[in-house]
Amino acid sequence: MNTIIKGKPVADRMSEKLIKEVEVLKSKSINPKLTIIRVGTRPDDLAYEKGALGRCKKIGIETEVVELPEDVTQKDFVKELKRLNDDDLVNGILIFRPLPNHIDEGIVKYEISPEKDVDCLSPINVGKMIEGDKTGFPPCTPTAVVEILKHYNVDIQGKNIVVLGRSMVVGKPVALLLLNEDATVTVCHSKTKEIDKISSNADIVIAAIGRGRFVKENFVGESAVVIDVGINIDEDEKMCGDIDFDNVKDKASMITPVPGGVGSVTTSILAKHIVKACKQQNNL
Ligand SMILES: NC(=O)C1=CN([C@@H]2O[C@H](COP(=O)(O)OP(=O)(O)OC[C@H]3O[C@@H](n4cnc5c(N)ncnc54)[C@H](OP(=O)(O)O)[C@@H]3O)[C@@H](O)[C@H]2O)C=CC1
Ligand SMILES: Nc1nc(=O)c2c([nH]1)NC[C@@H]1CN(c3ccc(C(=O)N[C@@H](CCC(=O)O)C(=O)O)cc3)C=[N+]21
């Protein structure tokens, strides 16, 4: 028996709570605001932008997109970022990644104000995440994974969790967040040997490798919980995850779909971070 665990109920429950919180802020003449910095028009970025703007609008969060040309200089990029850091009306800044090659993320990450860094680009927020300091902002997608597990009452404490992928965007932070929730975490990557054996021993498998339908039933133990973070486009232009859903679904006890899974919760976490940043900046 398996249960398909969808993102929408998680996102909807979070939204309801956020709508009320924003109403309270607005009654005090405080208007939470997100500013997105997008360089160029990558389809990935545009997909996320559409979801984020829609979600914020529903919740009552103001939004603005600063669209910079593909050939924007590093100097102009940083100038724009500093302007937003100094703008008291902007509570959260989201910079789409990856940035073009000529803009050095290693410099940008030290420029964004940690108080407005709602998707964990700043090393200050990375440090807070490692320490489990709740005043920071862990990245939205890994936080969405933890939120889904908690929403569906999946035990995390003491469980063996295998994370497939070790990027700074998903794999590494999700492993740290789950470690902070008292799981025993194993992180696998492209150099891991016998990855299917390791993965199939886990109580919970989290896939974030960026390869469409790569993970088959031999990666999944009987009754494991399977969380699919992947967003890929297949040969038929259809969105699919890193998990081969049809191949795995009967073996898993719970499994997230793509679309309709983790991706749909990511934008709610972003909205939650904006409200949190806004409150912190207003000493509430
Ligand atoms: N739902 C959402 O909101 C979001 C979804 N995503 C999606 O999540 C997925 C992962 O994204 P991201 O982390 O940025 O991707 P990256 O390409 O940055 O990282 C992929 C990771 O997977 C590992 N990997 C690649 N191939 C294999 C393999 N065959 N076996 C084992 N490990 C492998 C890589 O290992 P190594 O380090 O050794 O190279 C790397 O650590 C993508 O599909 C992306 O679209 C991303 C952001 C948000
Ligand atoms: N700093 C930064 N953080 C990111 O997390 C980040 C980024 N930059 N750059 C771009 C990629 C890509 N990405 C997507 C997220 C959701 C959808 C998506 O399609 N979401 C749908 C739901 C998809 C589903 O249902 O699974 C929605 O919001 O409605 C797509 C792409 C985030 N990224």
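Helices here (H or I, at least four residues) and strands (E, at least two) are DSSP runs, numbered from the N terminus. With that in hand, hello everyone, and let me walk you through this structure.

A word on ground rules. This is a predicted model, so local features are described at pLDDT of at least 70 and side-chain atom pairs count only at pLDDT 80 or more, while totals for chains, interfaces and linings use all residues. Residues are numbered from 1 along each chain as its sequence is written, and chains are lettered from A and ligands numbered from 1 in the order in which they are written.

Let's start with the overall layout. The chain is assigned domain 1 (28-116) and domain 2 (140-262), with bounds that come from an automatic or database domain assignment. Between the C-alpha centres of domain 1 and domain 2 there are 28 Å. There is also a record to mention: an unreviewed UniProt entry lists residues 139-281 as "domain: Tetrahydrofolate dehydrogenase/cyclohydrolase NAD(P)-binding". UniProt positions are given in the numbering used here, the feature names are shortened, and such annotations may be inferred rather than shown by experiment. In the model, residues 139-281 are 36% helix and 17% strand, and the end C-alpha atoms of that span lie 19 Å apart.

Now to the sheets. Strands of a sheet pair through backbone hydrogen bonds, either parallel or antiparallel. I call two strands paired if DSSP finds at least two bridges between them. An open sheet of 3 strands has the order S3-S2-S4, with parallel pairing. Strand S3 (62-68) and S4 stand at its edges with a single partner strand each, so one side of each has no neighbour in the sheet. On average, neighbouring strands of this sheet are turned by 20 degrees against each other, direction ignored; the axes behind that angle are lines fitted to C-alpha atoms, for helices over the stretch in contact, and angles run from 0 to 180 degrees between N-to-C directions. Strand S2 (residues 33-39) and S4 run parallel and are joined by 4 bridges, and Ile37 has Ile95 in S4 as its bridge partner.

Next, please find strand S7 (residues 204-207). S7 runs parallel to S5, joined by 4 bridges, and Ile161 is partnered with Ile204 in S7. S7 also runs parallel to strand S8 (residues 225-228), again through 4 bridges, and there Val205 has Val226 as its bridge partner.

On to the ligands. A residue is near a molecule or strand if its C-beta atom, placed from the backbone, lies within 6 Å of it. Ligand 1 is surrounded by 26 residues, the closest being Gly165, Ser167, Ser190, Gly210 and Gly230. Helix H10 (residues 262-281) gives the largest share of that shell, 3 residues. The shell around ligand 1 has 11 nonpolar, 11 polar and 4 charged residues; here Ala, Val, Leu, Ile, Met, Phe, Trp, Tyr, Cys and Pro count as nonpolar, Asp, Glu, Lys and Arg as charged, and the others, Gly among them, as polar.

Where does ligand 2 lie? Domain 1 and domain 2 both give residues to its shell, so ligand 2 lies between them. That shell has 20 residues, with Ala47, Tyr48, Gly51, Pro259 and Gly263 the closest. Helix H2 (43-59), H6 and H10 each give two or more residues to the shell, and the largest share, 5 residues, comes from H2.

Finally, some backbone details. Most residues other than glycine have a negative phi, and most peptide bonds are trans. Pro259 sits in the loop between strand S11 (254-255) and H10. Another cis bond runs from Arg97 to Pro98, with omega near -5 degrees, and Pro98 is in the loop between strand S4 (92-95) and helix H4 (105-111).

Two residues have positive phi. Cys120, at near 60 degrees, is buried, with 25 other C-beta atoms within 10 Å. Asn153, at about 55 degrees, is exposed, with 6 C-beta neighbours inside 10 Å.

Methods:
A residue is buried if 20 or more other C-beta atoms lie within 10 Å of its own, exposed if 12 or fewer, and partly exposed in between; C-beta atoms are placed from the backbone.
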